[in-house]
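Work through the exercises below with the sequence and coordinates open. Each task is followed by a stepwise solution.

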Amino acid sequence: TSEMQLKERRHSRFLQNSILYQEYSNVASDREIQRQKRADTVTEDEDMILGSRYSLSPHNSFRSQRPSRGSTFVLWQDIPGVRSSGFLDSMGNEQRKLQEAKFELVTSEGSYLWSLTLTVEHFQNSKELQECLNSQEKQWLFSKLPEVKEVSEKFLQELEDRVEKNILCFDVCDIVLTHCPAFRRVYLPYVTNQAYQEQTYQRLLQENPKFPGVLAKLEEHPVCQRLPLTSFLILPFQRIMRLKMLVENILKRTAQGSRDEDAATKAFNELKKVTEECNCSVQSMKRTEELIHLNKKIHFESKIFPLISQSRWLVKHGELTEVDTQTNNMSGSKFKLSTKPIYLHLFNDCLLLSRKKDTGKFAVFVHAKIQELKAKDLNVKVHGIPGHVFHLQLFEKQQLKQQILLRARTESEKQRWITATLLTHQDTDSELTEVEKEDSPQVQCIKAYKAQEPDELTLEKADVFQVKTKTKDGWIEGIRLSDGDKGWFPTSHVEEIRNRHARMRNLRDKNRIKCATQKLQGQSL
């Protein structure tokens, strides 16, 4: 009966229950990928998708765009009250796109709430699942999901009340702004708990004999469309990031200097703070755990400094080959090549060079502050040394302390090490300004990627990046336009944005947001 109630209860006045947020998310990012490709039309009205749907009947308006089953996403312009008003005839394309952007924020919240409800009622409240978990495991696995759901319910209620009040002209950003403290209250603890959530999930799969079977049965149920529990548990993190993006889309389309622009900028700014706090919280937990783990493994010949510090984190680590060339003294021409493995731990403030012991521990033999490092690419073959070689110098009080030739296994590994040693000397904002001066390459993520190393970026579908460095063996160092984050990722997960108009528009949009935000900061000073 509870499953019947779950199906019968509508969570949104504008959206069918059958649309899970995972599906909305896919459609939305695919649409954004198409938008970047479609820009070859040169015109500013690149979203002709809206205009073309205008002439379709409400029944099949979105279905033709949909890759999967027949459930329909509602467009604002397809609402009978909007159609019959004649309001659309007098509306410009930009105005219509602005209303659609606002309406998407509302309908996507409906889809999100439905997915949250399903997670709580179908998974968290499942009697079988409850019976095979202890209270600590339940807490770690589901965290405060019911509270996240409650915040979404109140938010959606207000949004839909606003739309129904005046369906032809409504704003949503002021509502977003008033709900930002509630978002912070529930999202920050939920997202911070994610590391425990992942660990608990993996441990339960491996160690709890009942859990895999109970979970498989729940996941096979048609109500969750055979999607795994993990795709539901990650929704709050995805939603808070998407919400910022949806408000950004509204802000890009509001008239400059208008009251709407002011509300949209304030909402965007507050959401940006919440998402940054969420990211920082996750990051600092990982960094602290990493340092504690490394502290047990790294040994200094004389204890030089304590490794664990609140302001220190690992930037990059790995094994390279130290190459030593010894000239034959008799003839002076022949040389012997000797190589030995060397381990590098690069932190944001220092570099440690060590040898790895049989015990798995690292014996540090030299270290230097990050400002006292110089890495130089050796493109030409030095003394005929094969491989991807670079030169590293370590200084102390401007005196050369140690220099070393290092060989990497691949071109990208070499470039990533050189880039990492320069990392703290550079400011991303000024880098972005540099690359914006000319029309430099941009890529767009077509397949999500999870960072495997500290110097890599996690990519979400439709993210746009400015390309800084590209290696021959399939890696890119890029800067994400939406937040300025910089890092490496594989080329197999992105596609080049070939159209110049699309690239210029992306930079214009970024600058528009930057200007609005700076204006707001100026007002508050």
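**Exercises on chain, core and helices**

In the protein chain, 66% of the contacts with a separation of 6 or more join residues 24 or more positions apart. The model is a predicted one.

**Exercise 1.** State how many helices and strands the protein chain has, and what share of its residues is buried.

Solution. Step 1: the secondary structure comes to 17 helices and 13 strands. Step 2: of the 525 residues, 49% are buried.

**Exercise 2.** Find the residues that touch the most other members of the largest nonpolar core.

Solution. Step 1: this core has 76 residues. Step 2: Leu105, Phe123, Leu141, Val176, Phe183 and Phe211 touch the most other members. Step 3: helix H5 (residues 93-124) gives the most to the core, namely 12 residues. Step 4: leaving out residues up to four places away in sequence, Leu105 touches Phe155, Leu159, Val172, Val176, Arg239, Leu243, Leu246, Val247 and Ile250. Step 5: another core, of 21 residues, lies apart from it and includes Leu353 and Ile370.

**Exercise 3.** Locate the bend in helix H9 (residues 173-192).

Solution. Step 1: H9 bends by about 45° at His179. Step 2: Pro181 follows within four residues. Step 3: His179 is among the buried residues of H9, as are Val176 and Phe183.

**Exercise 4.** Why do the buried residues of H11 line one face of the helix?

Solution. Step 1: in H11 (residues 211-219), Phe211, Val214, Leu215, Leu218 and Glu219 are buried. Step 2: down the helix axis they fall within an arc of 130°, so they line one face. Step 3: these residues pack against H5, H6 (127-131), H7 (135-142), H10 (194-207) and H12 (229-233).

Terms used: Residues numbered from 1 in each chain as written. Predicted model: local features only at pLDDT ≥ 70, side-chain atom pairs only at ≥ 80, totals over all residues. Heavy atoms only, no water. Core = buried A, V, L, I, M, F, W, Y, C linked by side-chain atoms within 4.5 Å. Buried < 20%, exposed > 50% of the residue type's maximum accessible area, 1.4 Å probe, protein only. Helix = DSSP H or I, 4+ residues; strand = E, 2+ residues; numbered from the N terminus. Contact = heavy atoms within 4.5 Å. Bend = angle between axes of the 7 residues up to and from the residue. Arc of directions from axis to C-beta.
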